[in-house]
Amino acid sequence: MLTDTSRNDDIGGRPIPVYLWYPADAADVAGVPEAVYPLDPISSLVPDSFSSDWEVYGFDGAFQEPQASADGPFPLVVFSPGWGAHAWLHLHVGTRLASHGIAVAVIYHWGDGFWPWEPWDHLATACLNRPLDVSFTLTDLLARNADSDDLIYDLVSSDQVAASGWSLGGYAAMTLAGGDDVVCDKAQYPPQGDP
């Protein structure tokens, strides 16, 4: 769970839950518990799910915070789901790519209103927040990647990073590829003042 304290001052910062999958060696996962997937990582009103809940449907298995494979560092994909889609709906992408030697960070964008008790942002607000969420997540992951005391130290090959997503998540990836993570920084909803 990341928190961008530069946004949403009224609630103490913008929450950015991130699901991270990465390659691990079979010899290093013995005794490591299966991955826990928080279905409601912000409010915790829905019970967590576990890797085994999904493996019965053909999803790749995952473990909770295993040691990263010694074969690293690995390419990183930062994935932004479509508007209104939760990060855990994409665990098949994370687990499969990790099994093929790619680290994957899938973001849950707060304000998508996936759960009825969460806010639903206007499209203009979502267009502003998504690239900022992806940029903030990447900055955090790369800082942790450089910290020798962190679990994911030296996990990521910092010159092999890609942004990906679909629908509004694809928009976020294209916005960042264009070099402007605040392309909608002038958008206001509801509109204020003269047009």
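Hi everyone, let's start in a loop: Asp112 sits in the one between β7 and α3. Helices here are DSSP runs of H or I with at least four residues, strands are E runs of at least two, and both are numbered from the N terminus. A quick word on the source: this is a predicted model, where local features need pLDDT of at least 70, side-chain atom pairs count only at pLDDT 80 or more, and totals for chains, interfaces and linings use all residues. Residues are numbered from 1 along each chain as its sequence is written, and side-chain values use heavy atoms, leaving out hydrogens and water.

Is Asp112 buried or exposed? Asp112 is buried, because its relative accessible area is 2%; buried means under 20%, exposed over 50% and partly exposed in between, with a 1.4 Å probe and protein chains only. Not counting residues up to four places away in sequence, Asp112 touches Gly82, Trp83, Gly84, Ala85, Pro119, Trp120 and Arg130. Contact here means heavy atoms within 4.5 Å.

Leaving aside neighbours within four places in sequence, Asp133 is in contact with Arg7, Arg14, Ile16, Ile107 and His109.

Next, a helix pair. The axes of α3 (residues 123–145) and α4 (residues 168–177) come within 9 Å and cross at roughly 60°. The axes are lines fitted to C-alpha atoms, for helices over the stretch in contact, with angles from 0 to 180 degrees between N-to-C directions. The two helices are therefore oblique to each other: under 35 degrees counts as roughly parallel, over 145 as roughly antiparallel, 65 to 115 as roughly perpendicular, and the rest as oblique. On the α3 side, the contact includes Leu123, Arg130 and Val134, and on the α4 side it includes Leu168, Tyr171 and Leu176.

Let's stay with α4. How many of the 10 residues of α4 are buried? Seven are, so to speak a mostly covered helix. Those buried residues pack against β6 (74–80), α3 and β8 (156–165). Just after α4, Gly179 takes a positive phi of about 90°.

Last stop, helix α2, residues 91–99. Its buried residues are Leu91, Gly94, Thr95 and Ala98. Seen down the axis of α2, they fall within an arc of 90°, so they line one face of the helix; the arc is that of the directions from the helix axis to the C-beta atoms. After α2 comes Gly101, with a positive phi near 90°.
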